[in-house]
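Hi there,

Here's the structure I promised to pass along. Have a look at it first, and then read on for what turned up.

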Amino acid sequence: IRVPHIGLTTRLLQILVPLAKNMAFHLENEKGSVPVFHSIPKDQVITEGSTLRLTCTVHSHATCWTAWDRNGIIYIPSQRIAITDTPNTKCLQILGVSLSDSGFYRITVENNYGRVETSVNLEVIEKPLSSTASKNVNNDPIRMKRQIMKHEHGSDTINLAGQYRSETHPSAKVYVDDKILQDINNFQITVDKQTVVLIMNQVIDAKSYCCILQNISGKTSATVAKIQGHRDHKILPPRVLDHLPKSVTAVEGCETDLTIRIDNCLAFTYIWIRNGDTVEDCNEFRYIDHGSGVISLRIMDPFVFDSGVYECIIVSAGGSCKSQTRVNILEADGISRPPPQIMMYPQSYVAEQGSMVIFCAHVVPQNCDIKWKIRGIVVDEDMDNIQTKTNADGLNILYIHDVTYDQCGEIQCIATVSNQTSTTTASGMLTVSPAPFSKRTFKIMGEKQHPHFSNSLKNCRVFTGSTLAFEVKFQGYPEPQVIWMRTGRPIEDINAAIATKPGCSILTINGINANQSGKYAAFIINNYGSETTSASVTVEGPPDPPSGKPSVALD
């Protein structure tokens, strides 16, 4: 047997013992050491077509594996999806996100000692309709250049005429005092060459005439005239009630309205003039008749050379009137802060008379000055059936209950950066149609009561394909109207059902899917106030199957 030299053995021990101790130290520290997140992504709201980028940093002693999923479905790299995985940085990038990419995103990081995960909520919203967006005239709503007005009144006929702008030829329905006009022998309607003409061969003592136009794209607009069939108005000249401001300052690229309100009971025409030259009605300069004597010139995409003196001249059988202003368009480069962004724009509605509608606009940044307009008139606190609300997250809401003909038309949300002139405008159309007689309610006098909830919604997690059910109980007089919303919009999903009776409302969604995750809210309102309760709903994929082999213990 060969015995090593004692000196060599001692030397080896001096080297190997510290090395073994060092390895034992690291093994002890690594034991049970799961990965740790140093930074995680936050919830995001982005517009469709944008690029999503989720990044987090991780520390792990041992080699780790990473997986990204959305609502339980694992992401695999592709032309649109890129996954970056370095020892300390994990990143998911998706190009050109669509509305279907909304949902809960999860990153799972795992090593030999365990795993950690974190989730974020992504909300993808439609592209905003604002003044800075590209103008696609085919998507424009039907615009009333002139509301229907009594053009001539003979002993045997009533002639109502109006002008509209639409890229496609619309169809028309006419209501007289809330009843659809079906007697074709005593009624003629012509919709041609951007003009709508109603001829009544029989004089009808009516309170209102309503003509609803609809084009092939589904866009609707309503024009309403309130006329007494046998009443003869005096021939009086038009009178300006609200003049144009002395000056208007705007930033190039920011949609700008010049609005005037007149008092006139006769049919009238109007023109706009800039620096002595007539401004023609076109897609860049739009003539708008909001009704009730409110008319506007909308400069869709103003430039510096659009500055000048603008004048509106109104002419009727009784005479004429006019108002003027000086418009100054500033260069965008000279503005220190960019215009605000309206991430969620108001949707258009067709609502029955007496019902309730909600318009929403999500504005960034949140500290903007918000102004709502209904048919060119700024909404204020004195309007009885209208309420506005601004949430801390920048969601601005306009509530209109008991809608009337007087409120059908354009609804605008105008956002202005504080102490700046740069604005952004988004709009939707409200078309009010008569309610069937069976749905009309008769008010009974009672003691007024502010609406309030008896219970509140609770946050919950559900699996894809399961049923979500929310129930709220409430009180109030008159009986509050109930609206269910998700992420600020009324719920109109095909698989959703809403059952409401006095004091109670139930929302049921059968076969819920990942795109229906989000913040749910129940909103109640009556003539004396409103209240909201909300909860977050997370829709997850089915649970993972049990790991390992099943075992059975027998006694």
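Before the details, one term: two strands count as paired if DSSP finds at least two bridges between them. Also keep in mind that this is a predicted model.

Let's start with a sheet. Which strands form it, and in what order? There are four of them, arranged β1-β3-β7-β6 in an open sheet with antiparallel pairing. β1 (36-39) and β6 (81-85) are the edge strands, so to speak: each of them pairs on one side only. Going from one strand to the next, the twist averages 25 degrees.

Next up, the aromatic rings. How many aromatic pairs does a search of the whole structure find? Six. One of them is Tyr 75 with Tyr 105: the pair is stacked, because the ring centres are 5.8 Å apart and the planes are at 10 degrees, and planes under 30 degrees apart count as stacked. Tyr 75 lies in the loop between β5 (73-74) and β6, while Tyr 105 is in strand β8 (residues 103-111), so this pair ties together parts that are 30 residues apart in sequence. Are these two buried or exposed? Tyr 75 is buried, with a relative accessible area of 12%, and Tyr 105 counts as buried too, at 2%. The cut-off here is simple: buried means under 20%.

Tyr 399 and Phe 523 make another stacked pair, with 3.9 Å from centre to centre and 5 degrees between the planes. Since Tyr 399 belongs to strand β33 (residues 395-401) and Phe 523 to strand β43 (residues 518-526), the pair ties together parts 124 residues apart in sequence. Tyr 399 is buried, with a relative accessible area of 2%, and Phe 523 is buried as well, at 0%.

Last, there's a group of rings to look up: Phe 268, Tyr 270 and Tyr 287 form one aromatic cluster. Which charged residue sits over the ring of Tyr 287? That would be Lys 145, whose charged end is 5.4 Å from the centre of the ring.

Methods:
Residues are numbered from 1 along each chain as its sequence is written. This is a predicted model: local features need pLDDT of at least 70, side-chain atom pairs count only at pLDDT 80 or more; totals for chains, interfaces and linings use all residues. Side-chain values use heavy atoms; hydrogens and water are left out. Helices (H or I, at least four residues) and strands (E, at least two) are DSSP runs, numbered from the N terminus. Axes are lines fitted to C-alpha atoms, for helices over the stretch in contact, and angles run from 0 to 180 degrees between N-to-C directions. Rings of Phe, Tyr and Trp (its six-membered ring) pair if their centres lie within 6.5 Å; planes under 30 degrees apart count as stacked, over 60 as edge-to-face and the rest as tilted. Buried means under 20% relative accessible area, exposed over 50%, partly exposed in between (1.4 Å probe, protein chains only). A charge sits over a ring if NZ of Lys or CZ of Arg is within 6 Å of the ring centre and within 35 degrees of the ring normal.
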